[in-house]
Amino acid sequence: MNMKNVAKLGNGKRFIIASFIFIGLLVTLAYINEIRFDHFSNIRKCAISSPLSNISSLPIKSSENEIRILLGILTLPDNYNRRNFLRLIYGIQSVTGAKIDVKFVFCNLTKEDQKVIIGLEILRYDDIIIMNCKENMDKGKTYTYFSSLPDMLKDDTHYPPYHYVIKGDDDTYFRLPKLVETLMPLSRQDLYYGYVVPCPSMDPFVHYMSGMGYLVSWDIVEWVKDSDIPKNHFTGPEDKVFGEWLREGRKAKNRYNAKWSMYDYPDPHTRCTHELWPDTVAVHRLKTQEKWITTLEYFNVTQNLKPSKLYHIP
């Protein structure tokens with residue numbers, strides 16, 4: 001074998017060895033990159049997936065910002081038909097930006113049939129508050145209502161359980177979306193809201209709010225429970241007495257007169273009445289079915305009724 005062939009053979013071996021080394025380096029680099037990629041992917045998954053997986057358990061800010069309202073309708077145990085009627089009226093109202101609980105409020109039951117029928121209502125609707133008192137209008141029922149709530153509604157999950165509490169009559173129609181709209185810019189502390197009486201008055205700091213339906217913030221509810229002022233004076237026209245409590249206790253520095261978005265039904269005409277109009281929050285003195293129907297027709301409460309083969313309503 002001459003020197004040229006030996007040199008070629010040596011060069012070929014070196015080429016083959018170099019090729020194997022090069023291939024080995026490529027494989028090693030690929031493996032290292034794969035490890036790095038997997039590691040990066042895991043880090044990325046930790047950074048992106050983990051928070052998403054926990055979102056459902058985190059508090060939702062929008063719900064925390066919602067106004068929580070208790071609408072307590074003071075009524076009588078035997079008013080079954082009125083309660084069922086009001087459940088229809090309030091059950092179809094859709095509200096944005098607030099959670100409103102409607103409860104029917106009365107004193108201790110006194111008859112056997114009440115225990116059965118109201119027990120069924122509670123099982124079906126869970127919307128009744130029975131207070132430890134004897135049924136009355138102006139001898140402390142309103143005081144018992146407000147003063148009982150802090151203990152009844154004590155809840156470690158939410159404080160306060162409600163931002164606002166309403167005392168309403170069962171002959172008052174509240175338009176809940178409009179109510180919430182008027183509350184949005186108002187304070188959630190030391191607030192007293194309603195229709196100022198006497199009827200000609202427009203100054204909420206001189207007089208008091210009509211018993212048709214007035215609202216206070218939760219801190220005032222707690223004050224009613226703890227203060228000696230209401231405890232020592234709860235007999236008399238309940239709305240006037242409530243206003244006297246606040247005046248004597250120097251409470252409710254924030255007041256809102258909702259007149260004329262709240263008013264009495266226009267017939268019979270008095271100084272407290274107003275024609276039905278779109279900016280209404282509440283209509284009072286709906287003493288008959290005819291007045292209720294006229295009011296509900298004006299506000300077109302069945303406008304979302306869809307056509308169906310199951311019924312024909314002209």
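I began with the surface: Val116, Ile117, Leu120 and Leu123 make a nonpolar patch of about 410 Å². Patch members have over 30% relative accessible area and no salt bridge, and nonpolar side chains (Val, Leu, Ile, Met, Phe, Trp, Tyr) are joined within 5 Å. A salt bridge would be a side-chain nitrogen of Lys or Arg within 4 Å of a carboxyl oxygen of Asp or Glu. Areas come from the Shrake-Rupley method with a 1.4 Å probe.

I noted that this is a predicted model, where local features need pLDDT of at least 70 and side-chain atom pairs count only at pLDDT 80 or more, while totals for chains, interfaces and linings use all residues. Residues are numbered from 1 along each chain, and side-chain values use heavy atoms, without hydrogens and water.

Next I placed Ile117. It sits in helix α4 (residues 112-125). Helices are DSSP runs (H or I, at least four residues), numbered from the N terminus. Ile117 is partly exposed, at 34% relative accessible area; the class lies between buried (under 20%) and exposed (over 50%).

Then I looked up the neighbour of α4. The axes of helix α3 (residues 80-91) and α4 come within 12 Å and cross at roughly 10°. So α3 is roughly parallel to α4, the term for angles under 35 degrees. Axes are lines fitted to C-alpha atoms over the stretch in contact. Ile117 is among the α4 residues that α3 meets; contact means heavy atoms within 4.5 Å.

I also checked α10 (residues 289-298): its axis and that of α3 come within 13 Å and cross at roughly 0°. Arg82, Phe85, Leu86 and Ile89 of α3 make this contact with Gln289, Trp292 and Leu296 of α10.

Notes:
Patches are made of residues with over 30% relative accessible area and no salt bridge: like charges are joined within 9 Å, nonpolar side chains (Val, Leu, Ile, Met, Phe, Trp, Tyr) within 5 Å. Helices (H or I, at least four residues) and strands (E, at least two) are DSSP runs, numbered from the N terminus. Buried means under 20% relative accessible area, exposed over 50%, partly exposed in between (1.4 Å probe, protein chains only). Axes are lines fitted to C-alpha atoms, for helices over the stretch in contact, and angles run from 0 to 180 degrees between N-to-C directions. Angles under 35 degrees count as roughly parallel, over 145 as roughly antiparallel, 65 to 115 as roughly perpendicular and the rest as oblique.
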